[in-house]
Amino acid sequence: MDSLHTIGFYVSAAVSLGGGLLVAFLPGRGPRGIALAAAGAGIAGLYVSLSAGFSGLVALVCFAGCALLLAAPTYRVMDITVAGAWRQLGALAAGGLLSVLCFAAWRGDFVHATFYGGAINSASVGRLLFAHDALATEAVGALVLVALVGATAAWRQRDRGR
Amino acid sequence: MSAGLVSVLFVAVALVAVGAFIASWKKDLTAALAGLPLMFGGAGVAFAGAARFATPGGPPAFGQEVAALVAVAALALVALGVGIAGRGTSR
């Protein structure tokens with residue numbers, strides 16, 4: 001990885017992690033949506049610096065969609081009935097997960113290979129998506145369909161209840 | 001200083017952990033949904049990093065394909081969660 005990509009990688013990592021932490025601590029749906037969009041931009045930058053421009057574009061669009069969904073005026077609050085101790089335990093478990101995975105990444109023995117792909121790779125990713133791994137693409141398509149139908153059904157049920 | 005696979009995995013791990021933290025820390029279930037795309041994004045970064053640095057024989061775009069698929073899956077799950085949470089109260 002050359003120095004330009006390395007700088008882009010670390011800057012994007014800082015943006016994505018900073019955006020993620022802001023999502024955790026900012027109050028209000030608007031600022032949280034903006035922070036999530038910033039985290040998405042950082043993740044897209046990570047993909048671009050890893051020569052995965054097509055995936056970066058897809059991630060950027062998907063994070064923008066998530067940010068719009070979570071910052072829209074139709075946002076509704078659904079409080080969790082779990083006690084605070086369990087939430088704190090979950091947060092501690094997230095820290096433990098970070099430690100374990102960091103240890104695995106640090107102590108792992110990985111193969112080093114030379115990368116021959118291009119910067120965007122849309123053609124090769126498209127070949128994989130629609131030819132080699134078409135079943136996985138169809139599974140994700142089915143997941144999207146089920147999610148949208150479920151979301152629409154939930155919204156219609158809510159509107160009928162008014 | 002060049003970034004390698006270990007650096008990529010550290011960033012991916014941090015993203016997954018931040019997403020898990022958001023999902024467990026937020027009292028509002030709809031706000032906790034924001035952790036999902038971060039966790040999925042972390043997994044995608046790990047896949048893309050493995051495709052970039054450690055695929056000697058296989059198709060190098062496989063990890064990038066998985067990264068794109070998990071991003072779409074994250075959007076679908078957030079849409080479903082927001083739709084279900086639409087029965088809650090406005091704030």
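**A close look at one helix and its surroundings**

Modeller: G45(A) lies in helix α2 of chain A. The model is predicted, with local features requiring pLDDT of at least 70 and side-chain atom pairs counted only at pLDDT 80 or more, while totals for chains, interfaces and linings use all residues. Residues are numbered from 1 along each chain as its sequence is written, and chains are lettered from A, and ligands numbered from 1, in the order in which they are written.

The confidence comes before the geometry. Chain A has a mean pLDDT of 85 (pLDDT is the predictor's confidence in each residue, from 0 to 100), and 94% of its residues reach 70 or more.

A residue is buried if 20 or more other C-beta atoms lie within 10 Å of its own, exposed if 12 or fewer, and partly exposed in between, with C-beta atoms placed from the backbone. G45(A) counts as buried because it has 21 C-beta neighbours inside 10 Å. Leaving aside residues up to four places away in sequence, G45(A) touches G8(A), S12(A) and V15(A); a contact requires C-beta atoms, placed from the backbone, within 7 Å. By contrast, the C-alpha atoms of G45(A) and L26(A), 19 residues apart along the chain, are separated by 23 Å.

Just after α2(A), S51(A) takes a positive phi of about 60°, a positive value in a residue other than glycine. S51(A) is found in the loop between α2 and α3 of chain A, and it counts as buried because 22 C-beta neighbours lie inside 10 Å.

Chain B has four helices and one strand, in the order α-α-α-α-β along the sequence. Of its 91 residues, 71% count as buried. A71(B) touches V58(A), A59(A) and C62(A) as well as F40(B), G41(B) and G44(B), not counting residues up to four places away in sequence.

A71(B) is also one of the residues that touch the most other members of the largest nonpolar core, which has 82 residues; the others are L36(A), Y47(A), C66(A), A67(B) and A74(B). Such a core is a set of buried Ala, Val, Leu, Ile, Met, Phe, Trp, Tyr and Cys residues joined through C-beta atoms within 7 Å. Helix α4 (residues 62–85) of chain B provides the largest share of this core, 17 residues. The core also draws at least three residues from each of domain 1 (1–74) and domain 2 (121–162) of chain A, bounds that come from an automatic or database domain assignment. The centres of these two domains, taken over C-alpha atoms, are 22 Å apart.

The contact between the chains takes 73 residues from chain A and 69 residues from chain B. On the side of chain A, α2 (29–49) is among the elements that give two or more residues, as are α1 (3–25) and α3 (53–71). The most come from α6(A), with 12 residues. That side divides into 53 nonpolar, 14 polar and six charged residues, where Ala, Val, Leu, Ile, Met, Phe, Trp, Tyr, Cys and Pro count as nonpolar, Asp, Glu, Lys and Arg as charged, and the others, Gly among them, as polar.

W86(A) is found in helix α4 (residues 84–107) of chain A, and it is exposed because 11 other C-beta atoms lie within 10 Å.

Notes: Contact = placed C-beta atoms within 7 Å.
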